[in-house]
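These are my notebook entries from an afternoon of looking things up in one structure. I wrote down each question before I went to find what answers it.

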Amino acid sequence: KKMPLTTKITKLFGIKHPVIQGGMHHVGFAGLAAAVANAGGLGLVTALTQPTPELLAKEIDKAQMKLRSDAEGKVGVNLTILPMFTEVNYDSYKDVILSSGVKVVETAGRPPGEFVSAFQNAGIKVIHKCVTTRHAKSAVKKFGVDAISLDGFECAGHPGEEDIGNFVLQAQGGRELDVPFVCSGGVGTGKQLAAVLMMGASGVNMGTRFMATEEAPIHDNIKQALVAGDTNSTTLIMRSVRNTERVYKNETALKVQDIEREFPGDFSKIHEYVKGENYRKSFQETGDTESSVWSAGEVMGLIDDVPTCEVLINNMVKEAEEALKAGPSFIS
């Protein structure tokens with residue numbers, strides 16, 4: 001049946017469902033992005049997971065080749081721009097995206113204004129990830145981004161340093177933002193989707209929940225750890241270097257915390273434990289959940305299966321619809 005959840009985000013991006021699969025290092029490959037797009041959402045290929053711009057071009061092509069002719073979603077690209085990655089030739093990645101034919105880019109980190117202008121001049125919509133409404137308003141004012149992904153403290157990966165949970169953050173977004181925004185962090189159910197729509201959001205962005213799907217290109221051990229985990233199965237590392245990351249709570253993460261207590265602020269002491277190559281091996285090769293630090297969110301407490309992307313999105317939208325239809329019963 002045709003689902004009636006039409007929002008500013010579905011209209012802006014030209015997708016059927018207000019559900020986005022966020023950028024994820026060593027997870028956001030063509031297969032997952034296309035599966036989400038085929039299910040009516042926005043699936044994102046993670047640019048910097050590809051070691052070169054040429055490989056990114058191939059990965060985007062691969063994703064677009066996997067799109068069904070009747071797909072009602074879209075494939076986009078996540079481009080995270082961080083000052084610490086000075087060796088990355090961001091201009092070349094930008095040029096690949098511009099010539100790829102994608103219509104949506106998720107930016108994160110510190111995107112130069114000229115990148116946003118270049119994307120928009122090519123007809124690409126830009127959604128920027130922020131952890132506060134202050135940063136969001138600045139991104140709209142300075143760069144003119146089209147939409148915001150508001151990332152709460154529950155999220156996997158980098159929640160920033162201000163520790164604002166989504167129950168307050170999304171309400172702030174509804175009150176303060178003039179552009180469409182989606183709720184990111186801790187989302188895994190349709191009732192949550194319904195709730196954030198009521199708070200003013202226009203959809204949801206999910207990362208960890210999409211890791212626990214059949215199409216996620218990661219080792220099954222990682223998926224099973226997400227199913228088995230609960231809200232106490234994450235922890236925060238790199239607080240002392242002000243680059244906080246929420247990760248799966250394992251022996252490596254606890255070791256990093258011990259080192260940070262002994263050598264606060266000294267990244268060189270923890271670098272060998274937190275480098276991306278370690279968890280690429282865990283995700284793509286060994287399936288060892290303990291030997292690396294890898295991003296995971298508190299939404300583990302809501303994950304109890306590993307469905308296809310299509311089943312996950314359809315069930316979420318159906319549950320959201322039912323919750324929204326029940327709304328009038330609260331008004332006497």
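**Entry 1: a phenylalanine and its ring partners**

Is phenylalanine 283 buried or exposed? I found that phenylalanine 283 counts as buried because its relative accessibility is 2%, where buried means under 20% relative accessible area, exposed means over 50% and partly exposed lies in between, with a 1.4 Å probe and protein chains only. Before going on I noted that this is a predicted model, in which local features need pLDDT of at least 70 and side-chain atom pairs count only at pLDDT 80 or more, while totals for chains, interfaces and linings use all residues. I also noted that residues are numbered from 1 along each chain as its sequence is written, and that side-chain values use heavy atoms, with hydrogens and water left out.

I then looked for the ring partner of phenylalanine 283 and found tyrosine 279, the two forming an edge-to-face aromatic pair at 5.4 Å centre to centre with 65° between the planes. For such pairs, the ring centres of Phe, Tyr and Trp (its six-membered ring) lie within 6.5 Å, and planes under 30 degrees apart count as stacked, over 60 as edge-to-face and the rest as tilted. Both residues lie in helix H13, 4 residues apart, which is about one turn of the helix; helices (H or I, at least four residues) and strands (E, at least two) are DSSP runs numbered from the N terminus. Tyrosine 279 also counts as buried, because its relative accessibility is 9%.

**Entry 2: the other rings**

How many aromatic pairs does a search of the whole structure find? I wrote down 3. Tyrosine 248 and tryptophan 294 form a stacked one, at 4.5 Å centre to centre and 15° between the planes. This pair links distant parts of the chain, since tyrosine 248 is in strand E10 (residues 245-248) and tryptophan 294 is in the loop between helix H13 (276-286) and helix H14 (309-326), 46 residues apart. Tyrosine 248 and tryptophan 294 are both buried, and Tyr248, Tyr279, Phe283 and Trp294 form one aromatic cluster.

I also checked for charges over rings, which requires NZ of Lys or CZ of Arg within 6 Å of the ring centre and within 35 degrees of the ring normal. Arginine 246 lies over the face of phenylalanine 153, at 4.8 Å from the ring centre, and lysine 269 lies over the face of phenylalanine 263, at 4.7 Å.

**Entry 3: helix H4**

Which residues of helix H4 (residues 90-100) are buried? I listed Tyr90, Tyr93, Lys94, Val96, Ile97 and Ser100. They cover an arc of only 160° around the axis, so they are on the same side of H4, the arc being that of the directions from the helix axis to the C-beta atoms. They pack against helix H3 (53-65), strand E3 (74-81), strand E4 (104-109) and helix H5 (113-121). Glycine 101 follows H4 and has a positive phi, near 90°.

**Entry 4: cores and contacts**

The largest nonpolar core has 73 residues, and among those with the most contacts inside it are Ile97, Ile148, Val204 and Trp294. A nonpolar core is a set of buried Ala, Val, Leu, Ile, Met, Phe, Trp, Tyr and Cys residues joined through side-chain atoms within 4.5 Å. A second, separate core of 10 residues includes Ile9, Leu44, Ile127 and Val182.

Serine 149, in strand E6 (residues 147-151), is buried with a relative accessible area of 1%. Leaving out residues up to four places away in sequence, serine 149 touches Ile127, His128, Lys129, Cys130, Val182, Ser184 and Asn205, a contact being heavy atoms within 4.5 Å.

**Entry 5: two positive phi values**

Most residues other than glycine have a negative phi, and I therefore noted the exceptions. Aspartate 163 has a positive phi of about 55° and sits in the loop between E6 and H7, where it counts as partly exposed at 34% relative accessibility. Methionine 238 has a phi near 65° and is found in the loop between strand E9 (234-237) and E10, but methionine 238 is buried, with a relative accessible area of 4%.

**Entry 6: the whole chain**
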